[in-house]
Amino acid sequence: MTKWLSAMSLLVIAGANADPVIIPAGEYKPAVLLDESVDSVVMPAFKLDPTPVIYADYLVFTQANKNWRRDNIAAVFHDGNYLSDWPSADTIPAKRADSAITQVSWFAARAYCSAQGGRLPTLDEWEYASNYYLQQQGLSDKAYAQLLFGRHSNPTAYAKQSIGHDAEQLMHMHDRVNEWVEDFQLLLTNGDDTDLLAGSCGDSARFLTDYGDASYATFFRYQTRSNYRAQSTTSTLGFRCAYDME
Amino acid sequence: MKNFVKNAVASALLVSIAGLPAIVDANVPLKHDSEYVIDGKIYGMPKARIYREDYNGPAVVGDYVTMVPYLAELDYEGNKEHEVRMDVFSQKVEVAPGVSYNAWTFGGSVPGPVLHVREGDRVVFKMKNRSTEEVVITKPFKGAAPYYSQVAQNQLQKHEPVIAPMPHSMDFHSGTVAANDKWATIAPGETIEFEWIANYAGTYMYHCGTSSVLMHTAMGQYGAVVVSPKEGYPTDEDVDQEFVIVQSELYLAEMDDSFIYDHTAALARDPSHVVFNGHVSALSENPLKSNAGDRVRIHFLNAGPSGTSSFHVIGAIFDRVWAEGDPRNTWYGMQTVLLGASSSATVEFIVPEEGVYKLVDHEFADAERGAAGALYAGPRKIK
């Protein structure tokens, strides 16, 4: 009980995630061509959490939704390591209240977003938002590529860093965690959408619109994300939620 | 193993019934109904299995699995079924003095362990993706491969466990299988298990085949399998020392206080380091040792990922060279062996006299970035 209370008091300090931000409608050219006949995608406006979901908010979710507590989750919804870094089902790791929640499966991420009245972003939405973010931040292709490859060289250190909860614009798209999207298994996978050749080594050039650093960094994200299972949980994989415009 | 051995004659009969050529070797052991034999080589391995397991045992298992430059002796007659495990996980490794990076590894070192088998052997391979764990390889572990104690005795790479969750796969060039099945990518926490037959003699690369394969290999995921010929090399009785050297490029850039993978440099084929056995000093701190008059055999693999190697021993001439390590591909009297990425050669030379013999990639831009080592030869010993 004491632990529970202390966790709740932490929440008061941490507060809830900031309000979603509007990603305006527009057109974007994916760096990775999932369909070779589609080189640009028209996106309607939607709303997206400005930052990845944090531990403090995820704890509230598990308190309110007992089926998603670590000690209660159905085995089919995770790989055995769901929230495995929590000291107990009611206690988040020390000093991580405002870090991106990790060790969550795709199923759990979806359930969380649904409970907030939202959903996971689609792959196109997330990547479109990423482009929007890069422009907003004025990040060069080189800086973006270095950020991504740098994070993948030491992903745990990046994942542990805190996240501000008063963001008024998109933040931390590339410097905290990999993020679940609704349709993450689009290519290089074993389902009906499998492109067999894409699964073998070195066969990436035909998916890329150019061979610059930024495109490779983006492709690497697509590929990595696509090779997780819906049950996968890792210490560097989190999510943020999307919402339809009213 | 005998329980699994089926009579190849029965297989031949089945093949005959199917109306296909019935050329089989009666001594080749078949194990699964799916298998068949062509020219004495076994094909048709069963499907790979991907599953989750609780496993906290040694990350590298196998009696004939060693650390470079060592090669385990094959102390058995004929063929054997090997149970081999090489888990995949991250590890901080030093590749030059003061230069360490968080490598993606098979078994924790760069390059990964050396597997030694005989032509015709069967390998039952398991690999768990433990990239979400901190895996320690510098302490002895009951049931571990000889590799473990060799790593513990050689701390040049200064191994430290690192967590870097990432999907990975294993592609053995020594295996003849459907890559989309056996070399499938597994998510963190998953285990893949599959079999392959060492159908061809030679020294073969293994590596991670997950895209970007350039990045996965450059991050450290490669190593060598030595498949010794069934009938041996013609010089087997004369060889005094046998070593394995794996050459590779590293593409590292300094960021803050550490080094990270530099994809721009990798695409431009502009390595920061080119190394023998994973460290610019691997074969200088621990030089190969022999004596004057010895016949030294080196299984040399150029792992790339993108560069060539022109392997040369300063002061020696290669008496024999077997391209790719296949005893049918014999060259004589070579000064330098040119190897493309993932290509190998088994070379032999006579150590002419007591002294120091530098081993280099004679493409000196590579040698001067680290691709150099040494063999120290003592005085001649009468045999």
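Biologist: What should I know before I start?

Modeller: The model is predicted: local features need pLDDT of at least 70, side-chain atom pairs count only at pLDDT 80 or more, and totals for chains, interfaces and linings use all residues. Residues are numbered from 1 along each chain as its sequence is written, chains are lettered from A, and side-chain values use heavy atoms, without hydrogens and water.

Biologist: How much area do chain A and chain B bury between them?

Modeller: Interface size is often given as the accessible area lost when the parts come together. Here the two chains bury about 2,600 Å², 58% of it on carbon and sulfur atoms. That area is found with a 1.4 Å probe and summed over both parts. In chain A, Phe149(A), Ser153(A) and Arg229(A) lose the most area to chain B, together 20% of what that side buries.

Biologist: Which residues form a salt bridge?

Modeller: The term means a side-chain nitrogen of Lys or Arg within 4 Å of a carboxyl oxygen of Asp or Glu. The count between the chains is one. Glu190(B) pairs with Arg229(A), the closest N and O atoms being 2.7 Å apart.

Biologist: Is Ser309(B) buried or exposed?

Modeller: Buried means under 20% relative accessible area, exposed over 50%, partly exposed in between (1.4 Å probe, protein chains only). Ser309(B) is buried, at 0%. Its contacts (heavy atoms within 4.5 Å) beyond four places in sequence include Phe300(B), Val337(B) and Asp361(B).
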